[in-house]
Amino acid sequence: MTVAPADADGRYQIYFGERRWRACRHLGIKVDAIVSDQTDAAQVRIDQFIENDQREQLSTRDTVAFVQRQLAAGMTITDLARATGRDQARLSRFRALIDAPDFIAARLDDIPVRGAAALVKAAGRDQAATKAFVEGAPIGTIGVAECERFARELSGPSRPPAPDVALTPAPEPSPKTAKVEGEGQHQCPTHRPFAIQTCCR
């Protein structure tokens, strides 16, 4: 394990290997320790995150909590990606889950990170519909594809309601265009025969 001086009384603080130390104490086995001179507490936390995540992939909840603490300490997602060697886009998804509604946060160990991030965006548009979607799905049945499809459908353009159109009766035929019997011509008293549509009346 790795330790560092904790105070002037000669005590040490465990940086890495606390679980190994506890196991060795339980078994009565001595454990070797490396004394580190690292004094940057922020860097220690990052190193602890990297080690824990590499040894046993951290849960979504633990990673979200880590990202939240680092952002509160003044780091950016870009800084955090560089310091941890993690993908920036994935860290951004964890950041999105910091403010996840309770009904999504309660299922972070069940819903994939990418899917949960899509649901957070969907909840921003329609929280009631998103809550119904999440709570209506049994444990273990929500995958990334389902979450992203739901988010797309929710963000799709809605059809506007059809306008109320007042129907008006057709106008009565004009006398100039009315069909007449015979050859369809009109005798004007002073002119030669005209078609009824072009009569000089």
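User: What makes helix 7 roughly parallel to helix 9?

Analyst: In this predicted model, the axes of helix 7 (residues 113–125) and helix 9 (residues 144–155) cross at roughly 20 degrees and come within 8 Å. Angles under 35 degrees count as roughly parallel, and that makes helix 7 roughly parallel to helix 9.

User: In which hand does helix 7 pass helix 9?

Analyst: The crossing of helix 7 with helix 9 is left-handed.

User: Which residues in helix 7 and helix 9 meet?

Analyst: From helix 7 the contact takes in Arg114, Gly115, Ala118, Leu119, Ala122 and Arg125. Their counterparts in helix 9 are Val144, Cys147, Glu148, Phe150, Ala151, Leu154 and Ser155. By class, the residues of this contact are 8 nonpolar, 2 polar and 3 charged.

User: Is the crossing of helix 4 with helix 5 left-handed or right-handed, and which residues meet?

Analyst: Helix 4 makes a right-handed crossing with helix 5. Ile77, Thr78, Leu80, Ala81 and Thr84 belong to the helix 4 side of the contact, and Gln88, Leu91, Ser92 and Arg95 to the helix 5 side. The contact of helix 4 with helix 5 has 4 nonpolar, 4 polar and 1 charged among its residues.

User: Why are helix 2 and helix 3 called roughly antiparallel to each other?

Analyst: Helix 2 (residues 41–55) packs on helix 3 at an angle of about 160 degrees, and their axes are 12 Å apart. Angles over 145 degrees count as roughly antiparallel, and helix 2 and helix 3 therefore carry that description.

User: In which hand does helix 2 pass helix 3, and what meets in the contact?

Analyst: Helix 2 passes helix 3 with a left-handed crossing. Arg45, Ile46 and Phe49 of helix 2 are in contact with Thr63, Phe66 and Gln70 of helix 3. The classes are 3 nonpolar, 2 polar and 1 charged.

User: How do you know whether Gln70 is buried or exposed?

Analyst: Gln70, in helix 3 (residues 60–72), has a relative accessible area of 2%. Buried means under 20%, so Gln70 is buried. Leaving aside residues up to four places away in sequence, Gln70 touches Arg45, Ile46, Met75 and Leu80. Over the chain of 201 residues, 27% count as buried.

User: How do you know whether Asp102 is buried or exposed?

Analyst: Asp102 lies in helix 6 (residues 102–105), and its relative accessible area is 67%. Exposed means over 50%, so Asp102 is exposed. The C-alpha atoms of Asp102 and Lys131 are separated by 9.4 Å, with the two residues 29 apart along the chain.

User: How do you know that strand 1 and strand 2 pair?

Analyst: Pairing needs at least two bridges. Strand 1 (residues 2–5) and strand 2 (residues 12–16) have 4 bridges, in the antiparallel sense. Thr2 is opposite Phe16 in strand 2, and Ala4 has Gln13 of that strand as bridge partner. The two strands form a hairpin with 6 residues between them, and Gly10 in the turn has a positive phi of about 85 degrees.

User: What makes strand 1 and strand 3 a pair?

Analyst: Strand 1 and strand 3 (residues 34–35) are joined by 2 bridges in the parallel sense, and at least two are required. Thr2 has Ile34 as its bridge partner in strand 3.

User: Why is one side of strand 2 and of strand 3 left without a neighbour in the sheet?

Analyst: The 3 strands form an open sheet in the order 2-1-3, with mixed pairing. Strand 2 and strand 3 stand at its edges and each has a single partner strand, so one side of each has no neighbour in the sheet.

User: How many helices and strands does the chain come to, and in what order do the elements run?

Analyst: The chain has 9 helices and 5 strands. From the N terminus the order is β-β-α-β-α-α-α-α-α-α-α-α-β-β. Among contacts with a separation of 6 or more, 51% are between residues 24 or more positions apart.

How values were computed:
Residues numbered from 1 in each chain as written. Predicted model: local features only at pLDDT ≥ 70, side-chain atom pairs only at ≥ 80, totals over all residues. Heavy atoms only, no water. Axes fitted to C-alpha atoms, helices over the stretch in contact; angles between N-to-C directions. Parallel < 35°, antiparallel > 145°, perpendicular 65-115°, else oblique. Left-handed = near helix turned anticlockwise from the far one by under 90°. Contact = heavy atoms within 4.5 Å. Nonpolar A, V, L, I, M, F, W, Y, C, P; charged D, E, K, R; others polar. Buried < 20%, exposed > 50% of the residue type's maximum accessible area, 1.4 Å probe, protein only.
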